[in-house]
Each structure stands twice: as C-alpha cells, then as structure tokens.
Amino acid sequence: MIGLIVTGHGHFATGLKSALALLGGEPSDFVAVDFPDGDTTEDLTAKLTAALDELAGCEGVLVCCDLLGGSPFKAAVVLAQGRDDVRVIAGTNLPLLVETHLTRAGFNSVDALADAAIASGHASLVKFEMPASASDDDDEDDDI
C-alpha cells in the first residue's frame, strides 16, 4: 500500500482526515500533519519526519499539501529530496483525497498515484450554473 500524508496550514490536514473518515471510513497508512498558528517550520519538519517514519513500511508515500510554495509544501519537498519513494503534490482538495484514498490500493507506483490524484483534483473543480428554467424561456417569447 502507498501511504498518504496530508499537510497544510492551520488544521487543514485533520479537517480533511475527519471528512475522509466520514465519507470513506477511517484511513489506514494515512497521517494528517497540521501546521497550526504558533508552530515553527522546525516543528512542522519534525512532524513530517515522524509521519514519514510512521509510513516507512509502505511501498511509497504521497504527500498532499494545501498550497504550492507554502511552508508545508516546502518542508515536504526538502524531506522528499533524494528519496525515490516520496512524491509531493499541492492543491489538495477533498474530492482528490477521497478518490486517492479509495483507489490507492490499485497502484504500485507512487508516481502513477500522484498523477491520478492530480487528475482527480482537476476534474473535481467545476463551475455550477443554474440551468434556464421553462418559465425563463416563456418570458423571452413574450418579448418577441
């Protein structure tokens, strides 16, 4: 199994883990690493290191961060340098995380899982537009 770490500012990670547990069951091989107000980047790095150590028995680890270029992303990238078994992505959202969690058992490559996660995250972003109602169409006919 490929392990998952979710990290982000504030309680982003534990919030997503809570939602994931509600939707897909309590995740295994999964660690949420928050970066709350008052923590230093050294604190964050220590927590991410502990998370990677906890998932050392996994076939790889995908680290899902909130923001590209933020402290959680930068710390994860530094820890992933030189490791073939760790990949880092940014822009994590709940649909990305749910699909990644539910499908990761079918992946034997952390790179393939990272690519699928990014595709899922992109596909989940939509703009809702209210469809025109029949009464709106009738009103337009009155103007002709």
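A salt bridge is a side-chain nitrogen of Lys or Arg within 4 Å of a carboxyl oxygen of Asp or Glu. This is a predicted model, in which local features need pLDDT of at least 70 and side-chain atom pairs count only at pLDDT 80 or more, while totals for chains, interfaces and linings use all residues. Residues are numbered from 1 along each chain as its sequence is written, and side-chain values use heavy atoms, with hydrogens and water left out.

Q: With which residue does R83 form a salt bridge?
A: R83 is partly exposed, at a relative accessible area of 30%; buried means under 20%, exposed over 50%, and partly exposed in between (1.4 Å probe, protein chains only). The closest N and O atoms of the pair are 3.0 Å apart, and the partner is D85.

Q: Is E129, the salt-bridge partner of K127, buried or exposed?
A: The closest N and O atoms of K127 and E129 are 3.3 Å apart. K127 has a relative accessible area of 69%. For E129 the relative accessibility is 56%, and the residue counts as exposed.

Q: How many salt bridges does the structure hold by this rule?
A: One of them joins E26 to K17, with the closest N and O atoms 3.8 Å apart. By this rule the count comes to five.
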